Amino acid sequence: MTASKRIQAYLNNFFWLILTYLLSPYFYFRIFLERTLRCVSGQKKNTPLKILVIQTAKIGDLVCATPVFREIKNKFPLCHLTVLINSKTVDILRNNPRIDEIILFDQYPGISGKIKLLQKLEKEKYDWAFNLLPGSFNGIIAFWSLVPNRVATCHKGAGEIIKLLSIFNNYRLEYKSHTFLINHYLNLLKFLGIERASGEKEIFIRSEEEKRALDFLAHNNLSASDLLIGISPVPGNKIKQWDLSKFALLADLLIERVKAKIIFTGSTDDVAQIERTQKMMRNNSVNSSGFFKLYELPALLKRMKLFISVDSGPLYMANSLGVPVVDIGGCYDIREQAPTGGKYKILQKNTDSSLAYSTVVSPSSECKKWFSRQLQEITPEEVFEAARALLDQ
């Protein structure tokens, strides 16, 4: 983010801070009045709950939030569950039967757009709202929308504006560093009376996507009997970029030593970088980037014997489908967010450092530089050995 964008973001956050504090008596009175009227009229006695979950982070974070949606629906099957997310991640939930409504956060840009969003949410009269990760504007969405029960994550490492705005949530749970993030998400549900919950992630696939994946494999002369290994070389967060030449060397090792068939995955934006990677290889590989939309990708991932990536959204998608994964992790904090189950390997350097990359708070510039150095120290040979160990299982 450039200096001008950082200044603009700070000014926007400061605007919401001042306005929220000035208008807070009005909002508190409206919330009290709404709650009183509901009690007097008995309006909500036999009406299913309306619940809003706010998760505007990236693909991997949203995949890790899917247990929240399942557990809410298991406890309250008739509730109306709305999720507020960004358009780049919406395909993750396209096939999810737990979700009743999806609202796209970035379709309401600027201050005027945010006001329209808040007005829309207010009309829905939600009973509960859960803000899964700390944020400035995210932290006051439920308050401005007059939601009576507002649950939010707070963190002592968050910025001052975020801390000052978090007090407008009447239920707060501090995220403690090095805590597994899925467990924290599920702990937020205790305020709703959900005590026991499973952290199993969910991805749903329709028959149309299955057919598209099979057609793609047949078109490229690949079959289920082949040793299909997927590689995702381009992360959503550029700080997690492992050198493309190393991905090329790794792909060649897998082809030459274990007779693998390599399929590179990525979005339309990743096509050029994957083609660069393929040109550095000695052997042939398949480039699926741009061919599959995000909601279609799981149908291809589930057919792979192994998936290799830096810590990214597709890796968590593959992991949720039970595909063995190799996570080229650099030095992010694996205690906070990591693959689950027994079929994974994580490659890291100097994992005990206090500079380990956190999922919840933005890293310092020093942390980013150090993280990048640690990531590049991982060699293609080390990743290959981790991959072979998983294949041997």
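A residue is called buried when its relative accessible area is under 20%, exposed when it is over 50%, and partly exposed in between, with a 1.4 Å probe and protein chains only. Helices (H or I, at least four residues) and strands (E, at least two) are DSSP runs, numbered from the N terminus.

The structure is a predicted model, in which local features need pLDDT of at least 70 and side-chain atom pairs count only at pLDDT 80 or more, while totals for chains, interfaces and linings use all residues. Residues are numbered from 1 along each chain as its sequence is written, and side-chain values use heavy atoms, with hydrogens and water left out.

Helix α6, residues 181-188, is mostly covered, with 6 of its 8 residues buried. These are L181, I182, H184, Y185, L186 and L188. Their cover includes helix α2 (59-75) together with strands β4 (128-131), β5 (149-154) and β6 (171-174).

A nonpolar core is a set of buried Ala, Val, Leu, Ile, Met, Phe, Trp, Tyr and Cys residues joined through side-chain atoms within 4.5 Å. The largest such core has 88 residues, of which F69, L254 and I308 touch the most other members. Helix α8 (residues 244-258) supplies the largest share of this core, 8 residues. A second, separate core of 26 residues includes I54, I141, I161 and F168.

Contact means heavy atoms within 4.5 Å. Beyond its neighbours within four places in sequence, F69 is in contact with V53, L62, L81, V83, L93, N96, R98 and I99.

P109 lies in the loop between β3 (101-104) and α3 (110-124). P109 counts as exposed because its relative accessibility is 55%.
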